Amino acid sequence: KVTVIEEAPSFGKDIEVHSMAAINREMQEGNIKILTSTKIDAITDEGVVLIDDKGNKTQHQVDSVIVALDLAPTDSNLAEELKDKVKEVYTIGDAKSFQRIKKAISEGYITAYNL
C-alpha cells in the first residue's frame, strides 16, 4: 500500500497536464492513496505522525518513508539526520540534483523496486 502525503491543497499542480493524466491513471490502478493539506509531523519507530490542515494528529504504521522536497536541489540535511535513525536512506530526484520529471520518476521507481 502506498500513500502520498502532500502539504499543498492539491496534488501535481506543477506537473504538465499529459504527464499528470498518466500519473493519475497509474495511481488509480495501483490503489495509491493521496492525502492533501497534510504534513509529516514526526517519523518515529512506530511509523509516521501526520498533521492535517485542522491540526489533527494521527499516527500511521509504515515500512518505508520516501521524502520528496521542493523542485530544486535543497541544502536540507534531512538524509544525514535520518541515517542513524532508520535502516536505509536514499537521496533521489531534486533532493540530489535538479532533474526533469521523467528522470526523477525513473529514479524513484528504481529505488522503490530495489527495496
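Predicted model: local features only at pLDDT ≥ 70, side-chain atom pairs only at ≥ 80, totals over all residues.
Two strands are taken to pair if DSSP finds at least two bridges between them, and in the hairpin of strands S4 and S5, which has 4 residues between the strands, Gly 55 takes a positive phi near 90°.

**Strands S3, S4 and S5**

- Strand S3 (residues 38–44) pairs with strand S4 (residues 47–52) in the antiparallel sense, and 6 bridges are found between the two.
- S3 and S4 form a hairpin in which 2 residues lie between the strands, and within this pairing Ala 42 has Val 49 of S4 as its bridge partner.
- S4 also runs antiparallel to S5, to which 4 bridges join it; here Val 48 has His 60 of S5 as its bridge partner.

**Salt bridges**

- The count of salt bridges in the model comes to 2.
- One of them brings together the side chains of Asp 41 and Lys 57, with a distance of 3.0 Å from N to O; because Asp 41 lies in strand S3 and Lys 57 in strand S5 (residues 57–60), this pair ties together parts that are 16 residues apart in sequence.
- Asp 41 has a relative accessibility of 40% and therefore counts as partly exposed, whereas Lys 57, with a relative accessible area of 52%, is exposed, the cut-off for the exposed class being over 50%.
- A salt bridge is also formed by Glu 80 and Lys 83, whose closest N and O atoms are 3.1 Å apart.
- In this pair Glu 80 is exposed, since its relative accessible area is 53%, while Lys 83, at 47%, is partly exposed.

**Nonpolar surface patch**

- Ile 40, Ile 43, Val 62, Val 65, Val 67 and Val 86 make a nonpolar surface patch of about 380 Å².
- Among these residues, Ile 40 has its place in strand S3, and with a relative accessibility of 36% Ile 40 counts as partly exposed.

**Helix H3**

- Glu 107, Gly 108 and Thr 111 are buried in H3, and because the buried residues of the helix fall within an arc of 100° when seen down its axis, they line one face of H3.
- Turned away from that buried side is a face of H3 that carries the exposed residues Lys 102, Tyr 109 and Tyr 113. Buried residues here have under 20% relative accessible area and exposed ones over 50%.

- Glu 88 lies in the loop between helix H2 (78–82) and H3, and its relative accessibility of 42% is why Glu 88 counts as partly exposed.
- Although Glu 88 and Ser 64 are 24 residues apart along the chain, their C-alpha atoms are separated by 9.0 Å.

Conventions. Residues numbered from 1 in each chain as written. Heavy atoms only, no water. Buried < 20%, exposed > 50% of the residue type's maximum accessible area, 1.4 Å probe, protein only. Arc of directions from axis to C-beta. Salt bridge = Lys/Arg side-chain N within 4 Å of Asp/Glu carboxyl O. Patch = residues over 30% accessible without salt bridge, like charges linked within 9 Å, V, L, I, M, F, W, Y side chains within 5 Å. Areas by Shrake-Rupley, 256 points an atom, 1.4 Å probe, with all protein chains shown as cover.
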